[in-house]
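Me: Got a model to go through with you. Can you take my questions as they come?

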Amino acid sequence: MVLNEELVEGVRLELEIERIVHGGLGLGHVDGFVVMTPFAAPGDLLSVVVVKRRRRYALAEPLAVLRASPWRQEPQCPWFTQCGGCNLGHLAIERQRQVKAELLASELGLPPIELKAGAALRYRNKGSFHVGEDGRLGFYRRGSNELVALDHCLLLHPGLEELLPWLERLVAALKLPVRQVIVQLGHPTTLRFVTLVLASWPGSVPETAAALIGEAEQQGVFTFLHQADKPHRLGQCVFAGTPKNLQVRLCGNDLEVGNAGFFQVNHEIAEHLARDVRAVFEAGPRERVLELYAGMGALTLTLAPVVSHVYAVELVRQATLLGESNAEKLGLCNVTFRTGKCLTIVQRLWRQRFSAETLLVDPPRRGLEPGLIDALEGFRFRRVVYVSCSLPTLKRDLTLFGKQGFRLTQLKAYDMFPQTYHFEMLAVLER
Ligand SMILES: C[S@@+](CC[C@H](N)C(=O)[O-])C[C@H]1O[C@@H](n2cnc3c(N)ncnc32)[C@H](O)[C@@H]1O
């Protein structure tokens, strides 16, 4: 038997998996010490090798399944475990959802709730590929910047996957340093966007590439070239074929969506989420709402008809501009969009004696920015509606709101990202 102090890098051991924890990692104990490993299922007996030792746990990589859990299924994707995208493909979809429900319940100390769910595969309306030296498209290998070239992805909507061979032809014809390729699909229309992020821009598109772009437009595929400014950030648009917006229908509203800015990647589940958010507001009297992290207003415009006013704050200018034009198109006069950092705008609103009954937030994975919950204290909101895609940061922020007297009164969860450990939550807090 391996002892706790022997659990150092390179040591091989047998690990019995007890449960799945955040990050999709299987957790077991060796001599009372926590060891976690990816691609595991509760009940597995695995041969693993320790790759990292920390003060309170060790991380290991699986080498072989010695005894398989009944929760296992044969992964449907040939790149599973190589590509860094999915981490639960070895579990049947019902088990993936059970894992998420149990994790949510144990972290928040509540009885398990069922996740609202839809398609297990082919649900993504957006995909982002890296481009290899040879012009092949792919995703990064797990934990590295090495490319795994692939010709299909089971998470992508077929209308996006079918673009891959054309995209590789376009990348070759452009003869430009393309770093990243992003594809997006409207709903329920079949219009598609292709955004190529370039390391540099010589100022023109070669003729063969322009012909490919023109032909694709006939099929409803619109191309944008952006010059990268920072890694993982879309820089300035340097070329757009025919200017066009995608249409996305959400709760009966047809919204115009640009190629920059956030929109939920799973239309089917985004619809459930937006309906549930609206239902929270429909139930009571018409209120004033302060909405933080509003994006292009997907939730703002859904709930505007059932509240008295929504003041929506968002960092990305293109997103707030779209929010304003969509509001105008829908004839909604009771929304105000402000561009800027939430903390800065909240501090300004405090000086202006702004008031609202409910706070609605939908932050990125890192949760509410430091200092924001303190800055919100003086507003004396009656209620907080928190949409979250990260359980650790939701838990952290619920504790901070708890110190201001808020208690969780409603919780819903959504399998927005099947095959991965991520999921979406809607929490309502009241005081
Ligand atoms: C999870 S998205 C939610 C968007 C919107 N609620 C929706 O459903 O489409 C988070 C949004 O927060 C914005 N954001 C990130 N950090 C921000 C900050 N410090 N201040 C304001 N907005 C921010 C992002 O640009 C993004 O649009």
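Me: Which domains is the chain divided into?

Reply: Domain 1 covers 1-71, domain 2 covers 126-248 and domain 3 covers 266-430. The bounds come from an automatic or database domain assignment. This is a predicted model, so local features need pLDDT of at least 70 and side-chain atom pairs count only at pLDDT 80 or more, while totals for chains, interfaces and linings use all residues. Residues are numbered from 1 along each chain as its sequence is written, and side-chain values use heavy atoms, with hydrogens and water left out.

Me: How far apart are domain 1 and domain 3?

Reply: Their C-alpha centres lie 38 Å apart.

Me: On to the ligand. How many residues surround the ligand, and which are the closest?

Reply: 17 residues surround the ligand. The closest are Glu314, Leu315, Cys342, Asp362 and Glu369. A residue counts if one of its heavy atoms lies within 4 Å.

Me: How does that shell divide into nonpolar, polar and charged?

Reply: Ten are nonpolar, two polar and five charged. Ala, Val, Leu, Ile, Met, Phe, Trp, Tyr, Cys and Pro count as nonpolar, Asp, Glu, Lys and Arg as charged, and the others, Gly among them, as polar.

Me: New topic. How many aromatic pairs does the structure hold?

Reply: Eight. Rings of Phe, Tyr and Trp (its six-membered ring) pair if their centres lie within 6.5 Å; planes under 30 degrees apart count as stacked, over 60 as edge-to-face and the rest as tilted.

Me: Why is the pair of Phe39 and Phe80 edge-to-face?

Reply: Their planes sit at 75°, with ring centres 5.2 Å apart, so the pair is edge-to-face.

Me: Buried or exposed, Phe39?

Reply: Phe39 is buried, at 10% relative accessibility. Phe80 is also buried, at 11%. Buried means under 20% relative accessible area, exposed over 50%, partly exposed in between (1.4 Å probe, protein chains only).

Me: Which residues form the aromatic cluster?

Reply: Tyr311, Trp350, Phe354, Phe379 and Phe381 form one cluster.
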